[in-house]
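Please keep the sequence and the model at hand while reading.

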Amino acid sequence: MKGLPLRVYAILYLLFLYAPIALLPLFAFNDATIIAFPLKGFTTHWFGDLAGNAALRQAVGNSLFIAAMTAIFATLLGICAARAGAMARFPGKGGILGFVMLPLVLPEIIVAVSLLIVMRQVLGLNLSNWTVIAAHVLICTPFSIAILNGAFQNLDPSIEEAAMDLGESRLSAFRLVTLPLVMPGIVSSMLIAFTISLDEFIIAFFLTGANPTMPVYIWGLLRFPAQLPVVMALGTILVTLSVVLLVIAELFRRRGLARAGIKDTGGFL
Amino acid sequence: MGLGNFTKSEGGRAAMLLAPPFFYALALLALPILAVVLFSFWTQDFMTIDTSFTLANYREFFDKPIYTVLLGRSLMVSGIVTLVTVVLAFPVAYFLSFHVRPERKSLWLFLITIPFWTSYLIRVFLWKVILGYNGVINSGLIGAGIIDEPLSFILYNVNAVIITLAHAFAPFAILPIFVALEKIDRSLIEASRDLGETRLTTFFRVTLPLSMPGLVAAVLIVFIPTIGDYVTPELMGGAGGKLIANMIQTQFLQLNNAPMGAAIAIVAMICVTAIALAFVMLNRRWLRGRG
């Protein structure tokens, strides 16, 4: 068969991509404190330890709040940019869109230190969940725009024009006609922004206040060998959660494409 | 032209819509980066910032070898990671674009992106489990009787940092190359074959040059962010594998010397941008030389 060596290579590559994650459940259910082979016996008590950890529960709560706020604000900004992107050109439009997408290729540590300087030294603010949210919105907006661009550019503008010709105002035409059509893209964008924010560490480590986010808390745990199996148990839950969220996001994205009558050709980005 | 006319034209409405994301990025990206530039010309005076203009931080950067060594190592690691990632990713993107049936493509892309969305910290830590002294590779090789002593060159050094980063950035390399390959008009390839080129020369004279925009995007999207990562060198690098981002982090969060940290960040940023621009220009010249 043509392309067989390439197919074998691609499958090996996928195995390489999944190798670390495949180890997670092994150690999460392994009855030993040391994360190494050979495996001992089966246990679920690392998950029990996890449930009893109040500091962790608080960190998870913080992260969920930050991720939810980030998802909302990044998607709102993403909707503005993606809709503008699908509309008529005006001078400087390409440059502005490129500038808004810049955080995608900027080293995260630059974003982290620049915001730290502004928040602490220039504005004299105390670091809190909101400083993390402000930064996460900045880095998640380009992802939201990329996803929503697909939704808005596949849209036929004559549908909205038809609604306006039939007497709807510009705003209600958007709400009644366009919004339902791009809704799958919006849901997908919110889930992606949520997932990125929930996992982000490099910036959160700089901008987190007295209450750490979940990745910052995990970072602290990684220094204590006795805590590592608990980290593995937590990781297993997180990976399962991310996969579920992503499958939902993907299903919404596909439904959106189907609604717009477009043949599916690509993934998220 | 009044505001009323402005909002009636479609371009005007597009500009109004683009304003919120633009001003957000201006306030939280452009202005903060300007603040970093400003800080790099100031100095830390115990608890306060001395705001008289000075090049002292930059002088210290180039006088003390530690900074230039770290920066050099960072650029080298990012360069190798980029090369490894892009070279390993190209065949996968090629396979996806040319050999996978259209209706299966999004499933493949989905499978490739999933690992990227799982906890970064935990993924890095698991590489420690794979490469460690009692790790998967060592116990596997010893169990198979291939080696007697655990291999020590794969953890707590630059090699471990490179392997881990190459894994973390894999999807970033595959996606832009895939997109570029998808855009290639298949009839050009057929034409080349009809005109007597072999499959191999067609690849080098048609497919590869046409996929160049994707390759360039992949190189930039891997090379630039890897400079800013301090998690992987901290966990995997040991004493000899620390990178410039670790130094920036130390200056800001442990030594409380924001101006020095700012100067390091600026120098690193300038180096990365200069290398990225040089790469883009060389690539353009190469493509034009062929055309």
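For what follows, axes are lines fitted to C-alpha atoms, taken for helices over the stretch in contact, and angles run from 0 to 180 degrees between N-to-C directions. The model is predicted, and 75 residues of chain B are in contact in it with 71 residues of chain A.

**The side of chain B that touches chain A**

- Helix α2 (residues 10–40) of chain B gives the most to this side, contributing 19 residues.
- By residue class, the side of chain B that touches chain A holds 56 nonpolar, 13 polar and 6 charged residues.

**Helix α6 of chain A with helix α2 of chain B**

- The axes of helix α6 (residues 129–153) of chain A and α2(B) come within 10 Å and cross at roughly 125°, and α6(A) and α2(B) are therefore oblique to each other.
- The crossing in which α6(A) passes α2(B) is left-handed.
- From α6(A), the contact is made by A:Ala134, A:Leu138 and A:Thr141, which meet B:Pro21, B:Ala25, B:Leu28 and B:Leu29 of α2(B).
- The residues of this contact are 6 nonpolar and 1 polar, with no charged residue.

**Helix α1 of chain A with helix α6 of chain B**

- Helix α1 (residues 4–28) of chain A and helix α6 (residues 120–131) of chain B have axes that come within 9 Å and cross at roughly 85°; α1(A) and α6(B) are therefore roughly perpendicular to each other.
- Chain A supplies A:Ala19, A:Pro20, A:Leu23 and A:Leu24 of α1(A) to the contact, while B:Arg123, B:Leu126, B:Trp127, B:Val129 and B:Ile130 come from α6(B).
- This contact of α1(A) with α6(B) divides into 8 nonpolar residues, no polar and 1 charged.

How values were computed
Residues numbered from 1 in each chain as written. Chains lettered and ligands numbered in written order. Predicted model: local features only at pLDDT ≥ 70, side-chain atom pairs only at ≥ 80, totals over all residues. Contact = placed C-beta atoms within 7 Å. Helix = DSSP H or I, 4+ residues; strand = E, 2+ residues; numbered from the N terminus. Nonpolar A, V, L, I, M, F, W, Y, C, P; charged D, E, K, R; others polar. Parallel < 35°, antiparallel > 145°, perpendicular 65-115°, else oblique. Left-handed = near helix turned anticlockwise from the far one by under 90°.
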